Amino acid sequence: MIVIPGTASTMLAKALAETLDATLAEVEAKKFPDGENYIRLHTEVKGERVVIVQTTHPDDRIIELFLLQDCAREMGAGEITTIIPYYGYGRQDKLFNPGEVISAKTIAKRIEMESDRVITVDIHAKGVLGWFSVPVEDVSGIPPLARRLREEGVDMILSPDKGAVGRARTAAEIIGCPWDFMEKTRIDGHTVTMKAKNLDVKGATVAIVDDIIATGGTMRTAADHLKRQGADRVIAACTHGLFASNALPRLEEVFDLIISTDTIENPTTSVTVAGELARIL
Ligand code: R5P
């Protein structure tokens, strides 16, 4: 098996190749003077089972993925598995307004063109998987995150809202601690308060677990309230650390620790999902 790293996912591709004891392909990726991508594969892939690893964010990386897929196909790869660690455009998964496009579907149709199999990690909406006509699976980044949180001695896991309790429950079961979700209560027209529905956070080390931190608004609000309610340490843990709009420095003001996986390589990445991917490969 040969693992081909896209430039958005070099860390994860390397970890995956090591875990699988597979060859890590040598890819030359650079820019033409006009900003367009140049790709050259220096590893022979003819007849081989190849795994291309590339997060589809930001847009430039999507083009790079298409070039890598086509390059492997043209060079005679036997079977192409495309791993999308963070599925960009996954949040536009339906028509919110007339005249829009379901961009999650647009991306799916193009990714599958040169894929025999697709693997995603904690995709935002599972419904997106239904748009692939090749075999597709979604793996969870929560188990390795939970193992990392266990090392931090967390007392409880919280979901930032009721809709996402599944992740908090899974993490808590792995750690062997209680879990709960944050509930919002409107005090007046301008004020909303948030607290753990059932658990007392006073003096506790609390971890809030989510699939993605984008603007960080959800996490920051939750952490503010938990600190005011007497939590000793508040940790943010997510699979995809997107940290849009300069979110990271603002989150660092309120969180004692921020942890994310290598689906999006960023300064808080301290967990790999390579083991989960290797298992289903
Ligand atoms: C929501 O459905 C997601 O699970 C995240 O809670 C959300 O995407 C986080 O967004 P932000 O960081 O912008 O609050």
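Start by selecting Lys 197, which is partly exposed at 39% relative accessibility. The classes are set with a 1.4 Å probe on protein chains only: buried is under 20% relative accessible area, exposed is over 50%, and partly exposed lies in between.

What you have open is a predicted model: local features need pLDDT of at least 70, side-chain atom pairs count only at pLDDT 80 or more, and totals for chains, interfaces and linings use all residues. Residues are numbered from 1 along each chain as its sequence is written, and side-chain values use heavy atoms, with hydrogens and water left out.

**Stop 1**

Helices (H or I, at least four residues) and strands (E, at least two) are DSSP runs, numbered from the N terminus. Glu 183 is also partly exposed, at 32%.

**Stop 2: more salt bridges**

How many salt bridges does the structure hold? The count is 19. Go to Asp 60 and Lys 31, where the closest N and O atoms are 2.4 Å apart.

Now select Glu 253 and Arg 220. Their side chains form a salt bridge of 3.2 Å, N to O. Glu 253 lies in the loop between α7 (247–252) and β14, and Arg 220 in helix α6 (residues 217–228), 33 residues apart. Glu 253 is exposed, at 60%, whereas Arg 220 is partly exposed, at 25%. Then pick Arg 148, Glu 151, Glu 152 and Arg 233, which salt bridges with shared partners join into one network.

**Stop 3: the domain interface**

Colour by domain. Domain 1 covers 2–141 and domain 2 covers 142–262; such bounds come from an automatic or database domain assignment. Their C-alpha centres are 30 Å apart. Eleven residues of domain 1 contact twelve residues of domain 2, where contact means heavy atoms within 4.5 Å.

The size of an interface is often given as the accessible area lost when the parts come together. Between domain 1 and domain 2, about 990 Å² is buried, 56% of it on carbon and sulfur atoms. Buried area is the accessible area (1.4 Å probe) that two parts lose on being put together, summed over both. Which three residues of domain 1 supply more of its buried area than any other three? Select Tyr 86, Asp 122 and Gly 141: they supply 46% of the area that domain 1 buries against domain 2.

Next, look for polar pairs. Six residue pairs, both residues at pLDDT 80 or more, are in polar contact across the interface of domain 1 and domain 2. A polar contact is a pair of N or O atoms within 3.5 Å; within protein, one must be able to donate a hydrogen and the other to accept it, and residues adjacent in sequence count only if both atoms are side-chain atoms. On the domain 1 side, five nonpolar, four polar and two charged residues touch domain 2. Salt bridges between the two domains number zero.

**Stop 4: Thr 120**

Move to strand β7 (residues 117–121) and select Thr 120. Is Thr 120 buried or exposed? Thr 120 is buried, with a relative accessible area of 0%. Beyond its neighbours within four places in sequence, Thr 120 contacts Ile 84, Tyr 87, Leu 129, Glu 137, Asp 138 and Val 139. Thr 263 is 143 residues away in sequence, yet its C-alpha lies 9.7 Å from that of Thr 120.

**Stop 5: Ser 260**

Ser 260 is in strand β14 (residues 257–261). Ser 260 is buried, at 0%. Show the side chain of Asn 266: it makes a polar contact with the Ser 260 side chain at 3.0 Å. Apart from neighbours within four places in sequence, the contacts of Ser 260 include Leu 145, Cys 238, Thr 239 and Val 271.

**Stop 6: Glu 276**

Finish in helix α8 (residues 274–280) at Glu 276. Glu 276 counts as buried, at 10%. Its side chain makes a polar contact of 3.2 Å with the side chain of Arg 279. Setting aside neighbours within four places in sequence, Glu 276 touches Val 139, Ser 140, Pro 143, Pro 144 and Arg 147.

How values were computed
A salt bridge is a side-chain nitrogen of Lys or Arg within 4 Å of a carboxyl oxygen of Asp or Glu. Ala, Val, Leu, Ile, Met, Phe, Trp, Tyr, Cys and Pro count as nonpolar, Asp, Glu, Lys and Arg as charged, and the others, Gly among them, as polar.
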